[in-house]
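Thanks for coming. I will walk through one protein, from the whole chain down to a few single residues. Please have the structure open while I talk.

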Amino acid sequence: MRSCGDRERSPSRRTYGRQVRLRRVYDDPSSDDGARVLVDRVWPRGLTKAAVHLDEWAKDIAPSTPLRRWYGHRPERFTEFRDRYLTELRDARPAAALDRLRELAHTRTVTLLTATRDVERSQAAVLSDLLRGARAARGPAPEAPDPTRRRVNVGGPPHTDIQGP
């Protein structure tokens, strides 16, 4: 007889819990980092490629420049940032980069690197949660597009929806 905590996992569901780590790119590399992947769009200041010891630089998975600038690493905006970033990850290039990270995490330890000071409130944390299968990172299911709405950016936060004509 099994207790509630002894549920069987579906064989098709992959878990990555022990294999995904978060670190600042400025921290010294560790022998247990596995594959070191930079997930920032912009190269970190003051570092050379040799000093970072990267296996990959996944620029395509980083948040868009407008989203990154809007967020500005303000903790009170993190929840909204996460939701908007998850939406961006559905686009073709970021989705392909995310699939690549999933493959890598399935075969070996992956350390996601970012220059951000607050690693726990960064795109690296969102990606880590996604790779680990955490519910908090999954966000809402995609909605069917409303044909009467169109997207515009009028200098405010990215992805502002307005009613169409």
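**From surface to sheet**

The protein exposes about 10600 Å², and carbon and sulfur atoms supply 48% of that area. Keep in mind throughout that this is a predicted model. Of the 165 residues in the protein, buried ones make up 33%.

Now the overall layout. The protein has six helices and six strands. Along the sequence they follow the pattern β-β-α-β-α-α-α-β-α-α-β-β. Take the contacts in the protein with a separation of 6 or more: residues 24 or more positions apart account for 58% of them.

Next, the sheet. In what order do the strands of the open sheet stand? The order is β1-β4-β2-β3, four strands in parallel pairing. Two of these, β1 (20–24) and β3 (56–57), stand at the edges with a single partner strand each, so one side of each has no neighbour in the sheet. As a general point, strands of a sheet pair through backbone hydrogen bonds, either parallel or antiparallel.

Two helices pack on this sheet. Helix α4, residues 92–107, touches β1, β2, β3 and β4. The direction of α4 makes about 135° with that of β4. Helix α5, residues 123–132, touches β1 and β4, and its direction makes about 170° with that of β1.

Let me go through the pairing of β4. Five bridges join β1 to β4, and the two run parallel. In that pair, valine 20 has valine 110 of β4 as its bridge partner. Strand β2 (residues 35–38) also runs parallel to β4 (residues 110–114), and four bridges join them. Arginine 36 stands opposite threonine 111 in β4, and leucine 38 has leucine 113 in β4 as its bridge partner.

Is β4 mostly covered or uncovered? Mostly covered: five of its five residues are buried. In a regular strand the side chains alternate between the two faces of the sheet. For β4, one side has Val110, Leu112 and Thr114, the other has Thr111 and Leu113, and all of these are buried.

The largest nonpolar core has 26 residues. Which residues have the most contacts inside it? They are Val37, Ile61, Tyr85, Val110, Leu112 and Leu127. The elements that give two or more residues to this core are β2, α2 (65–71), α3 (78–88), α4, β4 and α5. In soluble globular proteins, nonpolar side chains tend to be buried together.

Look at valine 110 in particular. Leaving aside its neighbours within four places in sequence, valine 110 is in contact with Gln19, Val20, Arg21, Asp33, Ala35, Val37, Leu101, Leu104 and Ala105.

Aspartate 99 lies in helix α4. Is aspartate 99 buried or partly exposed? The relative accessible area of aspartate 99 is 40%, so this residue is partly exposed. Aspartate 99 and leucine 131 are 32 residues apart in sequence, and their C-alpha atoms are 9.5 Å apart in space.

Arginine 84 is placed in helix α3. The relative accessibility of arginine 84 is 13%, and buried means under 20%, so arginine 84 counts as buried. The side chain of arginine 84 is joined to that of glutamate 80 by a polar contact of 2.7 Å.

Finally, two histidines in loops. Where is histidine 53? Histidine 53 is in the loop between α1 (49–52) and β3. Its phi is near 60°, a positive value in a residue other than glycine. With a relative accessible area of 48%, histidine 53 is partly exposed.

Histidine 73 is found in the loop between α2 and α3. Phi of histidine 73 is near 55°, again positive in a residue other than glycine. Histidine 73 counts as partly exposed, at 41% relative accessibility.

Conventions: Residues numbered from 1 in each chain as written. Predicted model: local features only at pLDDT ≥ 70, side-chain atom pairs only at ≥ 80, totals over all residues. Heavy atoms only, no water. Pairing = 2+ DSSP bridges. Contact = heavy atoms within 4.5 Å. Axes fitted to C-alpha atoms, helices over the stretch in contact; angles between N-to-C directions. Buried < 20%, exposed > 50% of the residue type's maximum accessible area, 1.4 Å probe, protein only. Core = buried A, V, L, I, M, F, W, Y, C linked by side-chain atoms within 4.5 Å. Polar contact = N/O pair within 3.5 Å; in protein donor to acceptor, adjacent residues only side chain to side chain. Areas by Shrake-Rupley, 256 points an atom, 1.4 Å probe, with all protein chains shown as cover.
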